[in-house]
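Here is a friendly walk through a structure that may be new to you. Take a look at the sequence and the model first, and then read on.

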There are 2 protein chains.
Amino acid sequence: MKKYDLVIIGSGPAGEKAAVKAAYYGKQVAVVEKRADLGGAGTNTGTLPSKTLKETALYYSGLSDRGLFGVDKELERAANVRDFFFRKNQVVEQQEESITANFKLHNIDTYVGTATIKDPHTVTVAGKDACELQTEFILVATGSYPFQPPGIPFDGKFVHDSDTILNINRIPRSIVIVGAGVIGCEYATIFAVMGTQVKLVNSHEEILTFLDREICRELQTDMERIGVQFIFGSRVDEVKILPDEHTHNVHAKLTNGEPIEADMFLYAAGRSGTVHGLGLEELGVEIDKRQNIVVDETYRTAVPSIYAAGDVIGFPALASTSMDQGRVSVTHMFGFHDQEKLSPQFPYGIYTIPEVSVYGMTEDEAQEKKIDYCVGRARFRDMPRGKIMGVKEGLLKLVVERQSRKILGVHIFGKIATELIHYGMDLVQNEDTLSRVISRVYNTPTLHELYKYAAYNALIEGHYMDDPVGH
Amino acid sequence: MKKYDLVIIGSGPAGEKAAVKAAYYGKQVAVVEKRADLGGAGTNTGTLPSKTLKETALYYSGLSDRGLFGVDKELERAANVRDFFFRKNQVVEQQEESITANFKLHNIDTYVGTATIKDPHTVTVAGKDACELQTEFILVATGSYPFQPPGIPFDGKFVHDSDTILNINRIPRSIVIVGAGVIGCEYATIFAVMGTQVKLVNSHEEILTFLDREICRELQTDMERIGVQFIFGSRVDEVKILPDEHTHNVHAKLTNGEPIEADMFLYAAGRSGTVHGLGLEELGVEIDKRQNIVVDETYRTAVPSIYAAGDVIGFPALASTSMDQGRVSVTHMFGFHDQEKLSPQFPYGIYTIPEVSVYGMTEDEAQEKKIDYCVGRARFRDMPRGKIMGVKEGLLKLVVERQSRKILGVHIFGKIATELIHYGMDLVQNEDTLSRVISRVYNTPTLHELYKYAAYNALIEGHYMDDPVGH
């Protein structure tokens, strides 16, 4: 029986980064993956594929150029679906090759099969590479799967969850998306940009409730502009798939009894942790009602040799945080001391078209906490760079502590928001002030000039005019 | 006679920002501009137009999509020139409107005409708005003009300098560009991407000598890949324009006597300060042999009430630094204390296709200064985001002090390098270490992940393996 320092179950973002880090520091590592391909949801069904589809959608729709040249390119739908998915598959393949090469480089053993934890130091693999592995530590990085509400006829053809939607072979003329969370909003914009008629049904009256309200309104307005129709405070019931010859293949009813129909339905109603059959509860590992593994801040479960990281432990369930959770867990297992905890805050990137990205305190939080604050805003269209790009939408907003002038939060809606946020993350982490932002030289023309313009705007909004120099 | 606190000569980036800052703080400000349009070279002949042309070139050539879909779109040249320049003119117009609105908002008076400084507190305006202005301070922000070597038949049609090139009404089939500085390299890539055959003649053996050598080699290799032909260690002599019916309209000779010919010639051989006729020397303002005004670190000239900022004072002559020089000069005139000096370092953005942007120490400088350093590299194509974009080229390089692990310099070649550099600027200014970069969460997939990958690479390159945790 082969002996390891660490056996990892799952090769997604959390599992991969944990494996490479442990191996880099000389530990013997094995990864058990139930799929034939490495990479988990990050590579195969979630992060990468949906982001690639977004880029492809932008390309074919010509939306990215609309503002620039004032013309709409007609989307030749049927002809382009093949390319649309070809590109996605190519990126997925390349990423899998990268992970395989990375594992080989670091002498990480991989086993294809289904894992069960027999005891706190033994993992049993069933399937292709069936065997039993002895190990000092176990990391559960099995990810999540889409929650399928009961009574919905998921067929992977007309009615989809957030996994099967990536295998469609046609762009629907119309789609009903249920759930206006991150996944629902991302797909709503992707399909809208591809020319699909999109209805987004949400049980709440608002989208993305964890975001700054003003940024949300900007996104919502822009989604409406590109054709997304919102149906709030409603649910979808009695979903029925009708024979192919109908124009609308899926028929259903809204809460108020009104019929709703479309070519395709997508349920984006949350995901659950993949814990079934691992044998965790039998060993004393705690699992909550959303099927997420309960861990402490070192990512250790109730069983000292068993850790868990990534989607399987729940919020925030981002590829970015999952990777670092994997790395941090390894740091604690082996006492490396180089990355002992995750920053309590992290950038949040939403890959809608255009993007949203946020870091730190929202204006709503500042109000709730009764902080004396002011805000500074800069619009993309007012930047020289924005003019070159021809963008109409886009807002960067700073939340600032009035007395100290320290930047508490950065909230961005607009192109490459997920890139732009990192500079703001640094400002908040370093407790930088408006003066610091203003005194710096920024490349021009760039979108990073938004920070400087927003800082100047905060000086006005904060009524610093009486004492402009901060004495 | 109208009395002002500040009279500014020139409405380019330095003049505009100085005017708005002084007016914002309640000062009476006038701007004298010799052109009918506001904005100077930043808006009319330099920064914005060339960057807009770059975006337009990318769009029409399809280069930005080549990597993404593996197909070359054929550039329909003749048909697109009109659009190419339409877009440039539109952006310029919008930016002029912005500046006009900004001046109106802040009650800044503008005078169209040629300015002469009569005495340290009086500016005479000749032309449309002829008058005499009394003022406490004068800011000279007159910019620069292209140096025209003697004996070259500049006609603004076949033989261009860096101003007239923006008024061409055809895309040449071939062009000879003389000078491989920033302007020469930017236009070489713009024309190459538009399908023009480009020869770049340079008297030195290297391009952009102030950059990190490795980054330069990356750029040069990529320029060769898109078709730019370099002719090093040579000059161009005996330039003659031949009648229109010839295929190549401009004929010349290289230093070695070989003929060189093309549809069009562009001299990108440096710029000189616009000081002629201002009456500066008569008042005792010092001007160097490159026609640049000599100022101290507060941007004051030898005459206490006269300041100068922007291209007219020479290096670095970037729109970004010029704007802040304007702001800093105003801070000193009126004792505002909020922005007393320019950061000694600034990001340098070169808008080639793709871009280059750098901040802080180069590897070559580290060697010269005998600093014990190591480097960390990450390639765009190895990032998940790079795979989605389908890029082949692109490199981010960190120069790190080995003992302290502090980041001394960041050097980037690749898409949106001018945006990406700002995060690196912050790392260098804050003396952040590799551990800091590694311990942070980055949005994925983004190009900012390059920083994390490069930091990990630096750990390997720096041979920290023996002591990976920094004890």
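This is a predicted model: local features need pLDDT of at least 70, side-chain atom pairs count only at pLDDT 80 or more; totals for chains, interfaces and linings use all residues.

A salt bridge here is a side-chain nitrogen of Lys or Arg within 4 Å of a carboxyl oxygen of Asp or Glu. Side chains of opposite charge can pair when their charged atoms come close. Between chain A and chain B the count is four salt bridges, while over all chains the count comes to 40.

Residues are numbered from 1 along each chain as its sequence is written, chains are lettered from A and ligands numbered from 1 in the order in which they are written, and side-chain values use heavy atoms, with hydrogens and water left out.

## Where the two chains meet

Contact means heavy atoms within 4.5 Å. By that rule, chain A brings 78 residues to the meeting and chain B brings 78 residues. Buried area is the accessible area (1.4 Å probe) that two parts lose on being put together, summed over both. For chain A and chain B this area is about 6700 Å², with carbon and sulfur atoms giving 55% of it. On the chain A side, Lys387(A), Val441(A) and Asn443(A) lose the most area to chain B, together 11% of what that side buries.

One of the salt bridges joins the side chains of Lys452(A) and Asp324(B), at 2.7 Å from N to O. A polar contact is a pair of N or O atoms within 3.5 Å; within protein, one must be able to donate a hydrogen and the other to accept it, and residues adjacent in sequence count only if both atoms are side-chain atoms. Between the chains, 34 residue pairs are in polar contact, both residues being at pLDDT 80 or more. With 10 residues, helix 12 (residues 417–429) of chain A gives the most to the side of chain A that touches chain B. Helices (H or I, at least four residues) and strands (E, at least two) are DSSP runs, numbered from the N terminus.

How are the two copies related? Chain A superposes on chain B by a rotation of 180° with 0.0 Å of shift along its axis, at an RMSD of 0.0 Å. The two copies are thus related as by a two-fold rotation axis. Such copies are superposed by least squares on the C-alpha atoms of residues with pLDDT of at least 70 in both. Of the residues of chain A, Tyr423(A) comes closest to the rotation axis, its C-alpha being at 2.5 Å. The same surface serves both copies, since 100% of the contact residues of chain A recur in chain B.

## Salt bridges inside a chain

| Pair | Closest N to O |
|---|---|
| Asp324(A) and Arg327(A) | 3.0 Å |

Is Asp263(A) buried or exposed? Buried means under 20% relative accessible area, exposed over 50%, and partly exposed in between (1.4 Å probe, protein chains only). At 2% relative accessibility, Asp263(A) is therefore buried.

Asp324(A) and Arg327(A) both sit in helix 9 (residues 319–334) of chain A, three residues apart, about one turn of the helix. Asp324(A) is buried at 1% relative accessibility, and Arg327(A) is buried at 7%. In chain B, Arg225(B) and Asp222(B) both belong to helix 7 (residues 213–225), three residues apart, about one turn of the helix. Here Arg225(B) is exposed, with a relative accessible area of 53%, whereas Asp222(B) is buried, at 5%.

Salt bridges also link Asp212(A), Glu214(A), Glu363(A), Arg377(A) and Lys397(A) in a network.

## Two residues up close

In chain B, Asp263(B) lies in the loop between strand 14 (259–262) and strand 15 (264–267), and it is buried at 2% relative accessibility. A polar atom of the Asp263(B) side chain lies 2.9 Å from the backbone nitrogen of Arg173(B). Not counting residues up to four places away in sequence, Asp263(B) touches several residues, among them Phe158(B), Arg170(B) and His248(B).

Glu132(A) lies in strand 6 (residues 131–140) of chain A and is partly exposed, at 28% relative accessibility. The side chains of Glu132(A) and Lys118(A) are joined by a polar contact of 3.2 Å. Leaving out residues up to four places away in sequence, Glu132(A) touches residues including Met1(A), Lys2(A) and Thr122(A).
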